[in-house]
Amino acid sequence: MIKINNKLIEQAAREAKASPRKRINYNFHKDYNEGIQRILNAADTQTYVRPHKHEAVDKTEIFIILKGRVLCVEFDDTGKIIDHLFLDAQKGNFGVEIKPGIWHSFISLKNGSCVYEIKQGPYDPKSDKRFASWSPAEDETGEGRRFNRKIISQLKSKPR
């Protein structure tokens with residue numbers, strides 16, 4: 001039995017805070033060839049998840065909030081926001097399902113936030129995702145964090 005509890009989530013949050021990317025994936029699947037990829041995704045507010053999409057027709061991605069607050073965003077092909085949800089169990093917003101071929105990202109709004117991520121396997125890093133050309137690359141310059149702040153600012157008046 002794999003136990004998903006506060007102890008595991010707190011451990012993942014500590015590792016995320018200490019990591020250079022300010023997030024970690026804690027994989028429950030034993031290898032990338034498994035049919036279902038199951039992951040704890042712990043994130044600090046300083047992380048940047050570059051908008052991307054999974055083009056394979058079987059790559060629906062599911063995020064369920066376990067702790068904290070996370071903004072999930074979908075975009076059109078030009079980078080315009082087409083949908084979003086503030087994941088927050090306290091407010092009754094527990095998760096989202098992102099269909100294949102949809103540009104998306106998530107932004108941690110609270111340090112120590114953690115989502116349970118589920119996606120159809122197998123995972124192949126060469127073909128799993130395509131990054132949006134209209135978004136900044138993931139690097140150390142701070143452009144990604146500025147991109148996140150812009151998205152949050154645009155949505156402040158429209159929480160869901």
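Colleague: How many helices and strands are there in the protein?

Modeller: In this predicted model, the protein has 2 helices and 10 strands. Along the sequence they are arranged as α-β-β-β-β-β-β-β-β-β-β-α.

Colleague: What makes the protein as compact as a globular protein of that length?

Modeller: Its radius of gyration is 15 Å, and the globule rule gives 15 Å for 160 residues; the two values are close, so the protein is as compact as a globular protein of that length. Along the principal axes, the C-alpha atoms occupy a box of roughly 40 × 35 × 30 Å. Of the 160 residues, 43% are buried. The accessible surface amounts to about 9100 Å², and carbon and sulfur atoms account for 50% of that surface.

Colleague: Among contacts between residues at least 6 apart in sequence, what percentage joins residues at least 24 apart?

Modeller: The share is 76%.

Colleague: How do you know that Cys72 is in no disulfide?

Modeller: The structure contains 0 disulfides. For Cys72, the nearest cysteine sulfur belongs to Cys114 and lies 13 Å away. A disulfide requires sulfur atoms within 2.5 Å. Seen from Cys114, the closest cysteine sulfur is that of Cys72, and 13 Å is too far for a bond. A disulfide, after all, is a covalent bond between the sulfur atoms of two cysteines.

Colleague: Why does Cys72 count as buried?

Modeller: Buried means under 20% relative accessible area. Cys72 has a relative accessibility of 5%, and therefore counts as buried.

Colleague: And why is Cys114 called buried?

Modeller: The cut-off is again under 20%. Because the relative accessibility of Cys114 is 0%, Cys114 counts as buried.

Colleague: Why is Arg130 called partly exposed?

Modeller: Partly exposed residues fall between the buried limit of 20% and the exposed limit of 50%. Arg130, at 41% relative accessibility, therefore counts as partly exposed. Arg130 belongs to strand 10, which spans residues 130-131.

Colleague: Which residues does Arg130 contact, leaving aside its neighbours within four places in sequence?

Modeller: Arg130 is in contact with Pro51, His52, Lys53, Glu55 and Trp103. Each of these has heavy atoms within 4.5 Å of Arg130.

Colleague: What makes the pairing of the Arg130 and Glu55 side chains a polar contact?

Modeller: A polar contact needs a pair of N or O atoms within 3.5 Å, one able to donate a hydrogen and the other to accept it. The side chains of Arg130 and Glu55 make such a contact at 2.6 Å.

Colleague: How far apart are Arg130 and Lys7 in sequence and in space?

Modeller: They are separated by 123 residues in sequence and, C-alpha to C-alpha, by 34 Å in space.

Methods. Residues numbered from 1 in each chain as written. Predicted model: local features only at pLDDT ≥ 70, side-chain atom pairs only at ≥ 80, totals over all residues. Heavy atoms only, no water. Buried < 20%, exposed > 50% of the residue type's maximum accessible area, 1.4 Å probe, protein only. Helix = DSSP H or I, 4+ residues; strand = E, 2+ residues; numbered from the N terminus. Rg over C-alpha atoms; globule rule 2.2 N^0.38 Å. Areas by Shrake-Rupley, 256 points an atom, 1.4 Å probe, with all protein chains shown as cover.
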